[in-house]
Amino acid sequence: MSPIRTQWTRLIRFVAAETSQVHIGQPVDPTLDVGLAAWNKQVIRAHEILGSALDPGAQLTNTVLTVRELLSPLSREEVKTVRCLGLNYTDHAAEAKMEKPPVPILFYKPLASIIGPNAPIFIPRVAQPVEVHLPDYEVELTIVIGKAARNVSEADALDYVLGYTGANDVSFRKHQMTTSQWGFSKSFDNTTPLGPCIVSNNAIPDPQLIPLTCNLNGKILQNGNTKDQIFNVRKTIAFLSQATTLEPGSVILTGTPAGVGYVRKPPVVLRKGDVVHVWLGHGIGTLVNPVVEEGVTRARL
């Protein structure tokens, strides 16, 4: 099995100023952090890509468009399944005072939870007050599957990867800890930022060397590296593909490093007015999202 080859290196999805339509493209500036640039309202220009983000044969063109609005790199219609791993970093297991799991801990998210760069993370009334429900941030490397994978070996696992993006696995700890409902507590509408771009697997030959951080209101609270994952990307794909087809467009959130809010003394929680930056290296960049609370008209003090 040969790895997926794409003409593009970094793929973004956006509304173009020139057409007011949704396009995919590759940033003209190969060093630009597109997520941070979008948040700061900088001009972003991209070479249009003709075809689907999930089609390895999509054509990179010389047509240049201006980004009016940066979107999640995959639409909800393109995402087939959102699989997530829990407790997948050694340091995070230690801070949570939990044993390292013998096999990956899997839960799912509904597509309605997915949002893109700059979109507000929505804390519903059922998860308020925030001091009790403990809404939390989690920076995560995210795998994008590019071709159907079933019963894949660890040796061949990376051949099925289209690329990698970032995510913020926002979690509501009261629901998670009191009912053991990981899927429910991490699945509310409009609570899972994804992006800002997909970096081709060709540009990241070793996904176990990616630094990742979470910055809340200007303070870095998570500072990790994928080398500390308990189950690396190869093991994760091999395990999840047992007797199960991972379809193109499937995304896999691979867990978060230490530094989450609920274990801190006192706990750090997300609340209206906060701004969360999650950043991943190797060209993935920064996913920036403000926080809103349903029914709350001004920031809590």
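## Asparagine 225

Buried means under 20% relative accessible area, exposed means over 50%, and partly exposed lies in between, using a 1.4 Å probe and protein chains only. Asparagine 225 has a relative accessible area of 17%, so this residue is buried. The model is predicted: local features need pLDDT of at least 70 and side-chain atom pairs count only at pLDDT 80 or more, while totals for chains, interfaces and linings use all residues. Residues are numbered from 1 along each chain as its sequence is written, and side-chain values use heavy atoms, leaving out hydrogens and water.

Asparagine 225 belongs to strand S15 (residues 219-225); strands (E, at least two residues) and helices (H or I, at least four) are DSSP runs numbered from the N terminus. Leaving aside residues up to four places away in sequence, asparagine 225 touches Tyr89, Gln208, Leu209, Ile210, Pro211 and Leu212, where contact means heavy atoms within 4.5 Å.

## Two domains

The chain divides into domain 1 (10-71) and domain 2 (81-293), with bounds from an automatic or database domain assignment. Their centres, taken over C-alpha atoms, are separated by 24 Å. Across the boundary, 13 residues of domain 1 are in contact with 20 residues of domain 2.

About 1,300 Å² is buried between domain 1 and domain 2, with carbon and sulfur atoms giving 65%; this is the accessible area (1.4 Å probe) that the two parts lose on being put together, summed over both. Arg10, Trp39 and Leu54 supply 44% of the area that domain 1 buries against domain 2, more than any other three residues.

## An aromatic pair

Searching the whole structure gives 1 aromatic pair. The ring centres of phenylalanine 172 and phenylalanine 188 are 5.0 Å apart with planes at 50°, so the pair is tilted. For Phe, Tyr and Trp (its six-membered ring), a pair needs centres within 6.5 Å; planes under 30 degrees apart are stacked, over 60 edge-to-face, and the rest tilted.

Phenylalanine 172 is in strand S12 (residues 171-172) and phenylalanine 188 in the loop between helix H5 (182-185) and strand S13 (192-200), so the pair ties together parts 16 residues apart in sequence. Both phenylalanine 172 and phenylalanine 188 are buried.

## Backbone details

Here are some backbone features to look at in the model. A cis peptide bond joins glutamine 128 and proline 129, with omega about 0°. The bond from lysine 265 to proline 266 is also cis, with omega near -5°.

Lysine 97 is not a glycine, yet has a positive phi of about 55°. Lysine 97 counts as exposed at 77% relative accessibility.
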